[in-house]
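Have the viewer open as you read.

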Amino acid sequence: MALAQPSHPQSRRRYQYLDKFLNRPGPSTDPDFVPGAPTIQNLETSKVLVIGAGGLGCEILKNLAMSGFRDIHVIDMDTIDVSNLNRQFLFRKDDVGKSKAEVAAASVMKRCKNVKITHFNGKIQDKGEDFYMQFKIIICGLDSIEARRWINATLVSMVDMENPESLKPLVDGGTEGFKGQARVILPTLTSCIECQLDMHAPRAAVPLCTLATIPRQPEHCIEWAKIIAWEEHRKDLALDTDDPEHITWLYEKSLSRAKDFDIPGVTYQLTQGVVKNIIPAIASTNAIIAAACCNEAFKIATSCNPYLTNYMMYTGDDSIYTYTFEHEQKPDCPVCGNLAKTITVNPNNTLQQFIESLGERPEAQLKKPTLRTESTSLYFQSPPSLEEQTRPNLSKKLRDLVSDGEEVGVSDPAFTIDFKFKLVFRS
């Protein structure tokens with residue numbers, strides 16, 4: 001499909017409310033703001049990438065199309081499930097099983113004839129830097145912390161100080177029930193997602209003994225199926241939380257265990273939510289956060305008003321409340337900083353215990369870390385030969401492997417960057 005041409009004057013009627021901002025300066029407009037045709041042209045030709053076509057993504061795509069953006073791209077790896085239909089309004093019953101990105105793009109283009117939306121069905125990790133370099137703005141509507149961290153690290157690594165076009169503003173939105181946030185990130189210049197990671201603590205773990213012996217909630221039965229039953233019956237097969245057959249198997253095992261302990265409430269949807277750590281989404285929250293994200297994208301593309309600096313939080317569970325503040329960049333951020341992050345550890349803990357703690361610490365949240373110092377390799381997750389060679393270190397105490405204040409390099413297959421931690425022994 002050919003790139004959309006600038007709007008015919010007749011088609012500006014749809015955007016006449018926007019032209020009140022674009023055809024005249026205001027008290028807060030950027031000094032470089034040029035009202036009229038040049039700004040409108042810049043808005044219409046700005047290439048924007050939307051990551052995620054779910055609850056937030058549907059709202060974002062609709063808002064962008066109605067805000068004058070005409071060259072929109074969307075990427076999502078998921079297909080439409082019947083449970084999506086109550087809030088992801090671009091989808092219909094006949095769309096179940098189809099690509100979210102493809103259906104969402106077609107649905108918006110059907111209603112907004114002058115808008116071109118290019119869809120991609122796949123993982124963001126499968127795209128290289130050349131793909132992301134073509135966009136002016138990237139907007140995230142993801143439900144995964146891991147995916148946010150990956151795109152954040154990628155955009156930071158792309159920045160070339162001698163090439164201003166390599167800096168791609170990232171507008172990130174997220175919701176959790178009645179709560180949500182929108183933030184604007186200028187890679188290397190402002191606080192990034194990794195700087196703010198400790199604001200998104202991982203879900204508290206349920207003791208294994210509770211799962212194995214005395215489950216009390218339907219979530220306990222599902223966690224039992226995921227952690228214990230899968231290992232007993234299907235340990236040779238890696239669990240894929242995006243595979244419907246795997247989720248169905250876990251649901252059936254969870255339901256059987258719940259019946260044994262007379263625990264009601266296990267459903268397929270709940271199983272999917274627990275296994276993938278999905279927080280139930282609320283349509284009104286999605287609409288508010290998506291509107292905030294698109295408002296920021298509009299301001300970045302046109303310079304008609306100052307954009308957010310840099311974090312807005314919203315809560316609607318007890319009346320409606322918003323708060324905006326500037327989250328500061330951290331010098332020891334492993335992505336955009338240049339110092340090692342200090343972690344206080346018990347020197348008598350084993351390396352195995354330290355590795356497990358990296359998955360639980362809010363500032364780390366690493367699931368399969370490989371560790372090394374400047375002089376030696378502590379533990380490798382792969383290949384098998386190196387894993388076997390470094391496995392004896394797992395049972396050794398930290399004080400026998402590293403010195404107080406020593407820096408440890410950590411890598412994880414889920415991320416494109418290496419992390420640096422300075423281990424300080426607890427006295």
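## The second largest pocket

In this predicted model, 19 residues line the second largest pocket, and Lys136, Pro169, Ile300, Ser303 and Tyr307 lie nearest its centre. A pocket here is an open set of points on a 1 Å grid over the protein atoms alone, where a 1.4 Å probe fits and protein lies on both sides within 12 Å along at least five of seven lines; lining residues have an atom within 4 Å of a point. Its space comes to about 430 Å³.

Helix 11 (residues 283–302) gives the most to that lining, with 3 residues. Helices are DSSP runs of H or I, at least four residues, and strands are runs of E, at least two, both numbered from the N terminus. Sorted by type, the lining has 9 nonpolar, 5 polar and 5 charged residues.

## How the numbers were made

Residues are numbered from 1 along each chain as its sequence is written, and side-chain values use heavy atoms, with hydrogens and water left out. As the model is predicted, local features need pLDDT of at least 70 and side-chain atom pairs count only at pLDDT 80 or more, while totals for chains, interfaces and linings use all residues.

Strand 4 (residues 137–140) and strand 5 (residues 170–176) run parallel, joined by 3 bridges; isoleucine 139 has valine 171 in strand 5 as its bridge partner.

Another open, mixed sheet has 5 strands, ordered 9-13-12-10-11. Strand 9 (341–345) and strand 11 (377–379) each have a single partner strand, so one side of each is left without a neighbour in the sheet. The twist averages 35° from one strand to the next.

Strand 10 (residues 370–372) runs antiparallel to strand 11, with 2 bridges between them, and arginine 372 stands opposite serine 377.

## Ring pairs

There are 9 aromatic pairs, counting rings of Phe, Tyr and Trp (its six-membered ring) with centres within 6.5 Å; planes under 30 degrees apart are stacked, over 60 edge-to-face and the rest tilted. Tryptophan 230 and tryptophan 249 have ring centres 5.3 Å apart and planes at 90°, so the pair is edge-to-face.

How values were computed:
Pairing = 2+ DSSP bridges. Axes fitted to C-alpha atoms, helices over the stretch in contact; angles between N-to-C directions. Points joined across faces, edges and corners; volume = space filled by probe spheres on them. Nonpolar A, V, L, I, M, F, W, Y, C, P; charged D, E, K, R; others polar.
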